[in-house]
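Reader: Hi! I'm new to this one, could you walk me through it?
Author: Happy to, here it is.

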Amino acid sequence: MANVTFSSPLLPKDVTVYAVAGDTDTLLKVAQKNKIPLPFECEDGSCGSCVIEVLSLSDKPFMAQDLTEKERATLVAAGKLSKADIEEAVVNDKPPRYRLACQYIVRDEDVLVRFSGEPGVV
Ligand code: FES
């Protein structure tokens, strides 16, 4: 069980929801199931409208997740992923700060997810 806390100017206060570990739901699906107004368009990692900031809320090391080529390209084009971020992710398993909610699979860890509510803007 993972706690996912959403924080946005669109929400009157932060909202924490529970996601079942082992599910393969994306963060976007978890948001939709819980009526969190996270912007999206393509749902396939190419438009960048669902960009989010993800921060770990646990003491355990943050779980790294491979970025698909498409997510990587979209985040680079949006200026949310640098060469150094990519190297940190590949070499040191350090997850990047910005992700696409439609590509991010929820893991068994507590995270804080920030979004502005404006498509493509964190
Ligand atoms: Fe288009 Fe996520 S909805 S990249």
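Predicted model: local features only at pLDDT ≥ 70, side-chain atom pairs only at ≥ 80, totals over all residues.

Reader: Thanks! How many helices and strands are there in the protein chain?
Author: The protein chain has three helices and five strands. Helices (H or I, at least four residues) and strands (E, at least two) are DSSP runs, numbered from the N terminus.

Reader: And in what order do the elements run from the N terminus on?
Author: They run β-β-α-β-α-α-β-β. The radius of gyration of the protein chain is 13 Å, close to the 14 Å that the globule rule gives for 122 residues, so the chain is as compact as a globular protein of that length. That radius is taken over C-alpha atoms, and the globule rule is 2.2 Å times the number of residues to the power 0.38.

Reader: What box do the C-alpha atoms fill?
Author: Roughly 35 × 30 × 25 Å, taken along the principal axes.

Reader: Back to the strands. In what order do they sit in the sheet?
Author: The five strands form an open sheet in the order S2-S1-S5-S3-S4, with mixed pairing. Two strands pair if DSSP finds at least two bridges between them. Strand S2 (15-19) and strand S4 (98-100) stand at the edges with a single partner strand each, so one side of each has no neighbour in the sheet. On average, neighbouring strands of this sheet are turned by 35° against each other, direction ignored. Axes here are lines fitted to C-alpha atoms, for helices over the stretch in contact, and angles run from 0 to 180 degrees between N-to-C directions.

Reader: Which way do S1 and S2 run, parallel or antiparallel?
Author: S1 and S2 run antiparallel, joined by five bridges. Strand S1 (residues 2-7) also pairs with strand S5 (residues 111-114), in the parallel sense and over four bridges.

Reader: Which residue of S5 stands opposite Phe6?
Author: Val113 stands opposite Phe6. Elsewhere along S5, Thr5 has Leu112 as its bridge partner, and Ser7 has Arg114.

Reader: What about S3 and S5, in what sense do they pair?
Author: S3 and S5 pair in the antiparallel sense over four bridges. There, Glu53 stands opposite Arg114 in S5.

Reader: Is S1 mostly covered or exposed?
Author: S1 is mostly covered, with five of its six residues buried. Buried means under 20% relative accessible area, exposed means over 50%, and partly exposed is in between (1.4 Å probe, protein chains only). Thr5, in strand S1, is buried at a relative accessible area of 10%.

Reader: Nice. What joins the side chains of Thr5 and Thr16?
Author: A polar contact of 2.8 Å. That term stands for a pair of N or O atoms within 3.5 Å; within protein, one must be able to donate a hydrogen and the other to accept it, and residues adjacent in sequence count only if both atoms are side-chain atoms.

Reader: Where is Cys50 found?
Author: Cys50 is in the loop between helix H1 (27-33) and S3. Cys50 is buried, with a relative accessible area of 3%. Not counting residues up to four places away in sequence, Cys50 touches several residues, including Leu38, Phe40, Leu100 and Cys102. Contact means heavy atoms within 4.5 Å.

Reader: Which strands does helix H2 lie across?
Author: Helix H2 (residues 69-77) lies across strand S3 (51-56) and S4, running at about 125° to S4.

Conventions: Residues numbered from 1 in each chain as written. Heavy atoms only, no water.
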